[in-house]
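Keep the viewer open as you read.

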Amino acid sequence: MKKKLAIILIVAFAFTLFGATVAYAAPNDNGNQGGNMQDRIDKAQERLAFLEEIQPLIQQMTQNRGQIKSLKTQLREQIKLAKAHIDGLKGDIDNVTDEQLAQLTQLKTQLQQCRVDLAQTNPTMTQQRQQIRTARRNRNYDTIKAAYGKVISAQQQRMETLRQMIQLNEQICQI
């Protein structure tokens, strides 16, 4: 519904803008004002077609953003549980075996690597979003689509890393 409303508003705005331009524009020397209007209409239709084409990418980015937020919430809860479990192990340090300590150390190292991986995806996403803004100004549609694809792949990488971190914290709780 929102998509249809947005398209209708864009089309109405485009026709209002182009109609006002034609009504108040001075005629060309050669009197070929209709050809110029057709070019404008073609460009507007091209932009609308492009907007419809990238709409699934924008929706995918929005869904990914929601999933990332949900995964971060799950991770925070899992971290709390893991910290509580580790505090319990610290309180009963005499019953902790060397094997358990080795497992905890290995899991801690893996968690640190996951944090590094997460930190590496953030600049990529920021750079691609900047590239989208620049390409929109220049109306470079191929660059926009490519940048959206790279943002989505970075989001998917973030989601996979977050899932891995949740699993590692679950393993800590099982030790």
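What follows covers the ground rules, then the salt bridges, then the cysteines.

## Ground rules

This is a predicted model, where local features need pLDDT of at least 70, side-chain atom pairs count only at pLDDT 80 or more, and totals for chains, interfaces and linings use all residues. Residues are numbered from 1 along each chain as its sequence is written, and side-chain values use heavy atoms, with hydrogens and water left out.

How many salt bridges does the structure hold? There are 3, counting a side-chain nitrogen of Lys or Arg within 4 Å of a carboxyl oxygen of Asp or Glu.

Start with K145 and E53, whose side chains meet at 2.4 Å, N to O. This pair ties together distant parts of the chain: K145 sits in helix α4 (residues 141-174) and E53 in helix α2 (residues 33-91), 92 residues apart. Helices here are DSSP runs of H or I with at least four residues, numbered from the N terminus. Buried or exposed, or in between? K145 is partly exposed at 29% relative accessibility, and E53 is also partly exposed, at 44%. On this scale, buried means under 20% relative accessible area, exposed over 50%, and partly exposed in between (1.4 Å probe, protein chains only).

## Bridges within a helix

Now look at helix α2 for K80 and E77, which are 3 residues apart, or about one helical turn. Their salt bridge has its closest N and O atoms 3.8 Å apart. K80 is exposed, with a relative accessible area of 54%, while E77 is partly exposed at 45%.

Helix α4 has a pair of its own: R163 and E160 lie 3 residues apart, about one turn of the helix. Their side chains form a salt bridge at 4.0 Å, N to O. R163 is partly exposed, with a relative accessible area of 35%, and E160 is partly exposed at 48%.

## The cysteines

How many disulfides turn up in a search of the whole structure? The search finds 0, a disulfide being a pair of cysteine sulfur atoms within 2.5 Å.

As for where cysteines sit, C114 is buried, with a relative accessible area of 2%. C173, on the other hand, counts as partly exposed at 24% relative accessibility.

Note on methods: Helices (H or I, at least four residues) and strands (E, at least two) are DSSP runs, numbered from the N terminus.
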